[in-house]
Amino acid sequence: MNHGIRRRDFLGVSAASLALTRCSLMRGREPQSRVSIVRAGYTQAIYDTVRRLLVEHRVDVRGKRVVIKPNLVEFDPGTTINTHPLLVHAALEGFRAMGAADVRIAEGPGHRRVTMDLADAAGYFDTIPHFEDLFVDLNLDDVSQVLLRDPFSRLNSMYFPNTALGADLLVSLPKMKTHHWVGATLSMKNFFGLVPGSVYGWPKNVLHWAGIDECIADLHATFPRHFAIVDGVVGMEGNGPIQGKPKPVGVLVAGKDLAAVDATCCRIMKIKPSTIRYLLLAAGPRQLDEVNILQIGETIAHVQTPFGLIEEWQNIRL
Amino acid sequence: MDVASITSLQNRDGGWPYRKGGGSSTEPTVLALLAQTVDQGDPQSFERAMAWLRATQRQDGGWPPQTQVSQSTWVTALVALVPRDALGVSRHARAIDWLMGQTGREASLAYKLRNELLGEGGGVIGKHEGWPFFPGAAAWVTPSAISILALEKARRYQMPGDIQQRIEIGQQFLMDRICQDGGWNYGRANTLGVEADSYPETTGQALLALHGLPAAKLEKPLAAAQAQAGRCQSAEGLSWLQLGLQAHGISASGPAKVFPYRHVADASLGILARAALSGRNLFLE
């Protein structure tokens, strides 16, 4: 359904009030979302760390189909751009150990068509046994049309990969990065990779014209069964998501509420969450408010690491 | 993966999936058909694939990327590259008509007017018209390069219309998008003042589409493409580079490491690239 008055026009007048309405009245939610911040490195210890996170958040995947969605963007042996393969493997093993019936790894890069080669160069083949059998290139997957219910963007429907649509739980495993178009790219923005390149192209430019922030909010609403573990061991600052600089933070950030996870990441990066427009659209200011997020593990203050911002995004600094 | 292996992956409906077990998609079907054309394919397989293509053409003359998609997209340009007689003359003509009607959204009068009113200009954007992946979106290097190749094929059939003019505008679009390093990125060469690195796939595709231009105009791109070929990290990228460089009379040697083919489309491209290195570049016939 589309609205007589477009949301984006209305937002120009009162973004906060609209988001508040949508968040509190239309969806309903628990008063507090739980978000974990844990210290981590790219070592074998990450396997135990991830397993503890899944137990801590009582992620029940027994008998379910889980799709892990890392962030694979560019050829980068340094893994500053892409989600580290050890984290992806740790998540795979973790969900298997929790009793998932089927765990797949899936991604659809926005710019590069050669997904498997990207994964190979990023170390996924070397780190994850039988990776090729477990992986689905979402850009080339069979698709189905989905009508967007009450969309934020100008799109009434979109095509999505059947692998993503068939998942009981979609696990966002992004890299903690700044982003030159939307300020920061975290667990919610990572869902851009669910949009099939074989239909929309490389890049998925239809979404840009329909509103990047609005489309992120639509993706978040379309795939409501999700969990997130953000790779903030080494993030990216400056001109992300590709041309920025490595930013070591040494943390993983996890939770079931992607908006709360991303808001926490923003605070760690010293970015004001309410200035990230797609977060406001998808969640609203109350859900992003620190008092409404139950932080587990490290405190934000202990791990806070200001990320460098390009000139266009200086106004989002916390 | 040779032609026989590719043929073995053909679906019952006549099309090819990207990967074994998938539904039929237009892109791998066209590339598999072209690979069969240069490498002794199975005539029955070829005809079944052509029948699938004929059956999936949309009313507007274009093709969807998959039958589940109710929209014609850039893959129409790929279909226009298959042998016209096998596809059907009228079907081919409708495909060319569809392509001639497509431009990037940034080339629209409304967008240009908006930019003028907002004082945003737009620089290189919108000066020359390329083709989008998906109608209503901006123009990009890949669909523009493949569309130019399709129109060149149509021009050789002496089809009426403004095809030559559209080809030249499209080629100028590609020339506008050359990156600082001499190759082509997927789109803009510069984002927010930062130069983008070029990609092997798009560099090869652009060079293919610019094959008629004087070598002097392409000195830097040809040098960039040869350098890319030596450090390319995918079979698909190397195939496009070999096809693009061969179009300018250059045989590209690849990197020391041999990269595997990942799916039907890149395996078919590999066959087409090998044929080009042997003197038959099907994209230019």
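This is a predicted model: local features need pLDDT of at least 70, side-chain atom pairs count only at pLDDT 80 or more; totals for chains, interfaces and linings use all residues.
In soluble globular proteins, nonpolar side chains tend to be buried together.

Go back to Ile229(A). Which residues is Ile229(A) in contact with, leaving aside its neighbours within four places in sequence? Select Val50(A), Leu53(A), Leu87(A), Ala91(A), Leu173(A), Leu252(A) and Ala254(A) to see them.

Now show two helices of chain A: helix 2, residues 45–56, and helix 3, residues 85–97. Their axes come within 8 Å and cross at roughly 50°. Because of that angle, helix 2 of chain A counts as oblique to helix 3 of chain A. The crossing of helix 2 of chain A with helix 3 of chain A is right-handed.

To see where they meet, select Ile46(A), Tyr47(A), Val50(A), Arg51(A) and Leu54(A) on helix 2 of chain A. On helix 3 of chain A, select Leu86(A), Leu87(A), Ala90(A), Ala91(A), Glu93(A), Gly94(A) and Ala97(A). By class, this contact has nine nonpolar, one polar and two charged residues.

Last, colour the model by chain. Here 26 residues of chain A are in contact with 31 residues of chain B. The side of chain B that touches chain A has 13 nonpolar, 12 polar and six charged residues.

Key. Residues are numbered from 1 along each chain as its sequence is written. Chains are lettered from A and ligands numbered from 1 in the order in which they are written. Two residues are in contact if their C-beta atoms, placed from the backbone, lie within 7 Å. Ala, Val, Leu, Ile, Met, Phe, Trp, Tyr, Cys and Pro count as nonpolar, Asp, Glu, Lys and Arg as charged, and the others, Gly among them, as polar. Axes are lines fitted to C-alpha atoms, for helices over the stretch in contact, and angles run from 0 to 180 degrees between N-to-C directions. Helices (H or I, at least four residues) and strands (E, at least two) are DSSP runs, numbered from the N terminus. Angles under 35 degrees count as roughly parallel, over 145 as roughly antiparallel, 65 to 115 as roughly perpendicular and the rest as oblique. A crossing is left-handed if the near helix is turned anticlockwise from the far one by less than a right angle, and right-handed if clockwise.
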